[in-house]
Amino acid sequence: MLSFTFGGKDSFQDFGIYVASRPHIPSPERRVAYIDVPGMDSRLRRDKGTYGDITLSVECSFLGDPVPKISAVKGWLLGAGEADLTFSHIPGRKYRAQVVNSIDFEIVLKITSHFVILFNCQPFQYATDNTPISVADGSGYVLSNPGTVKALPVIKAIGSGAGALTVNGSAVSFSDIDENVILNSEIQETYQDTGTELISKNSTKTGDYPVLLPGENAISFSGGITSLEITPNWRWL
C-alpha cells in the first residue's frame, strides 16, 4: 500500500490515508527567454539556467471512517506550510512542497472519502540523507555529486584568522574566521554559528558561493582553515 510523509507525519500510520495510484512526476520547465530580432530567422534564446516549480497531483483515499479525522487532516496538510514530502515508492528522495489546492476536504470526504491533494514542489528531488561530509585534508579532496544538476551546498569552514576555500578552481577567501564561518549557497549568505545565534559574516567573504557540479568536484583549503563540514544538498531533476 502506497503512502507519503509530509511535515513529519505519515499519511497512513497517522491518519489512515493511502495513495490510490502512483502520481505522475512531471519534469520541471527550464526558464528560457525568447527574443524576436527583425530580419533574423528563428529567435534568440537566453537560457536563464533555472527551472520552474512542478505540481504533483496525489489521489488519496481513507481506510475506515474518515469523518472523525477530517479536522486533523486539514490542520496537518494546510498547516505544515512548505515541508519535506516523501513517497513510499520513491526511496531515498524527497520534495520540498506545500499544499496549494483550496478543496473543501470536509464536504468531499463526507461524500466519497476520496480526495486529491495538489502539492506545489520546488523543481528538484533532494536526497533524504543529507548528512554533513567532513573534510580534514586541505591539500585536495574529491567529492562526487551523484545528482543530475548542480548542488547548492552549505559549507562550514572551521578554524581561525584568514583562510581560503577553493571548489573546482573557484576561490572564496575569508578575512576573519572566529571558530567557524558558514557559506550557504542556497540562500547566498555567510554567517557564523555560535551555538546560540547566527552572526552575519558577509563582509568577511570575497568570492562567489560554491556549487557542486554533477560528477567529481575538487575541493581544497588553506590558511587558518583546519577542516570543513559540507552539507551537499544533492538534487535530481
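**Note on the predicted model**

1. Just after helix α2, Gly81 has a positive phi of about 65°. Helices here are DSSP runs of H or I with at least four residues, strands are E runs of at least two, and both are numbered from the N terminus.

2. This is a predicted model, in which local features need pLDDT of at least 70 and side-chain atom pairs count only at pLDDT 80 or more, while totals for chains, interfaces and linings use all residues. Residues are numbered from 1 along each chain as its sequence is written, and side-chain values use heavy atoms, without hydrogens and water.

3. Helix α2 covers residues 70-79, and its buried residues include Ile70, Val73, Trp76 and Leu77. Buried means under 20% relative accessible area, exposed over 50%, and partly exposed in between (1.4 Å probe, protein chains only). These four residues lie on the same side of α2, because they cover an arc of only 130° around the axis; the arc is that of the directions from the helix axis to the C-beta atoms. On the other side of α2, Ser71 and Gly79 are exposed.

4. The protein has 3 helices and 19 strands. Its radius of gyration is 22 Å, well over the 18 Å that the globule rule gives for 237 residues, so the protein is more spread out than a compact globule. The radius is taken over C-alpha atoms, and the rule is 2.2 Å times the number of residues to the power 0.38.

5. Along the principal axes, the C-alpha atoms fill a box of roughly 65 × 60 × 30 Å. Of the 237 residues, 41% count as buried.
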